[in-house]
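Here is a short report on one protein chain. Its contacts come first, then its fold, its surface and some single residues.

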Amino acid sequence: MTILGVRSSSTDTDEEVRKYATEKSLSIPVLADDGNVLADFFNVPNFMVFVVIDAEGRMRSWGGIDDHHDEKRAKRPHLRNALDAVLAGKDVAAKRTFAFG
C-alpha cells in the first residue's frame with residue numbers, strides 16, 4: 001500500500017504544508033497538485049478529503065479522517081477503518097463520509 005498526501009490548495013505554501021505535516025506527525029510524501037488535476041479527478045472540494053485507492057486502482061473510500069471537526073471529540077475514525085478494511089481484503093463499510101472544511 002502507498003499512502004500519499006496531495007495539496008491542491010493554491011493558498012497553502014509548501015512551508016505551511018510541511019509545518020502541518022510535522023505537527024500531525026505525518027511521515028508520508030505530500031504532492032503538490034497546483035493545477036488541481038488529482039482533486040478534479042477524485043471530485044475533491046477545497047478542503048481536506050482522504051481518498052483510499054486499493055492496489056487495483058479502485059477508489060474504496062472518500063471523505064473525512066473522522067466524524068468530528070474537533071479531533072478530540074471524534075468517535076468514528078473513518079480513514080483508519082477504511083485502511084484497515086482494505087488491508088484485510090474486506091469491503092469498506094463507510095465508502096463516503098462527510099469531510100469537514
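## Contacts and model basis

Residues 24 or more positions apart account for 53% of the chain's contacts with a separation of 6 or more. A contact means heavy atoms within 4.5 Å.

This is a predicted model: local features need pLDDT of at least 70, side-chain atom pairs count only at pLDDT 80 or more, and totals for chains, interfaces and linings use all residues. Numbering runs from 1 along each chain as its sequence is written, and side-chain values use heavy atoms, with hydrogens and water left out.

## Fold and dimensions

The chain holds three helices and four strands. Their order along the sequence is β-α-β-α-β-β-α. Helices (H or I, at least four residues) and strands (E, at least two) are DSSP runs, numbered from the N terminus.

Along the principal axes, the C-alpha trace spans about 35 × 35 × 25 Å.

## Surface and charge

Of the 101 residues, 25% are buried. Buried means under 20% relative accessible area, exposed means over 50%, and partly exposed lies in between (1.4 Å probe, protein chains only). The chain exposes about 7500 Å², and carbon and sulfur atoms supply 53% of that area. Areas come from the Shrake-Rupley method with a 1.4 Å probe; for residues, only the protein chains shown count as cover.

There are 14 positive and 16 negative side chains. The centres of the two sets lie 7 Å apart. Lys and Arg count as positive, Asp and Glu as negative; His and the chain ends are not counted. Each charge is placed at NZ of Lys, CZ of Arg, CG of Asp or CD of Glu.

Strand S3 covers residues 50–53, and strand S4 covers residues 59–63. The two pair in the antiparallel sense over four bridges. Pairing requires at least two DSSP bridges between the strands. Phe50 has Gly63 in S4 as its bridge partner. Ile53 stands opposite Met59 in S4.

Five residues separate the strands of this hairpin, and Gly57 takes a positive phi near 85°. S4 is mostly covered, with four of its five residues buried. In a regular strand the side chains alternate between the two faces of the sheet.

Arg7 is found in strand S1 (residues 5–7). Arg7 counts as buried because its relative accessibility is 10%. Leaving out residues up to four places away in sequence, Arg7 touches Asp12, Asp14, Val17, Val30, Leu31, Ala32, Asp33 and Asp34.

Lys95 sits in the segment after helix H3 (78–87). Its relative accessible area is 41%, so Lys95 is partly exposed. Lys95 touches Arg60, Ser61 and Trp62, again leaving out residues up to four places away in sequence. Lys95 and Val52 are 43 residues apart in sequence, with their C-alpha atoms 9.3 Å apart in space.

## Positive phi at two asparagines

Asn36 is not a glycine, yet has a positive phi of about 60°. Asn36 is found in the loop between strand S2 (30–32) and helix H2 (37–41). With a relative accessible area of 28%, Asn36 is partly exposed.

Asn43 also has a positive phi, near 55°. Asn43 lies in the loop between H2 and S3. Asn43 is exposed, with a relative accessible area of 54%.
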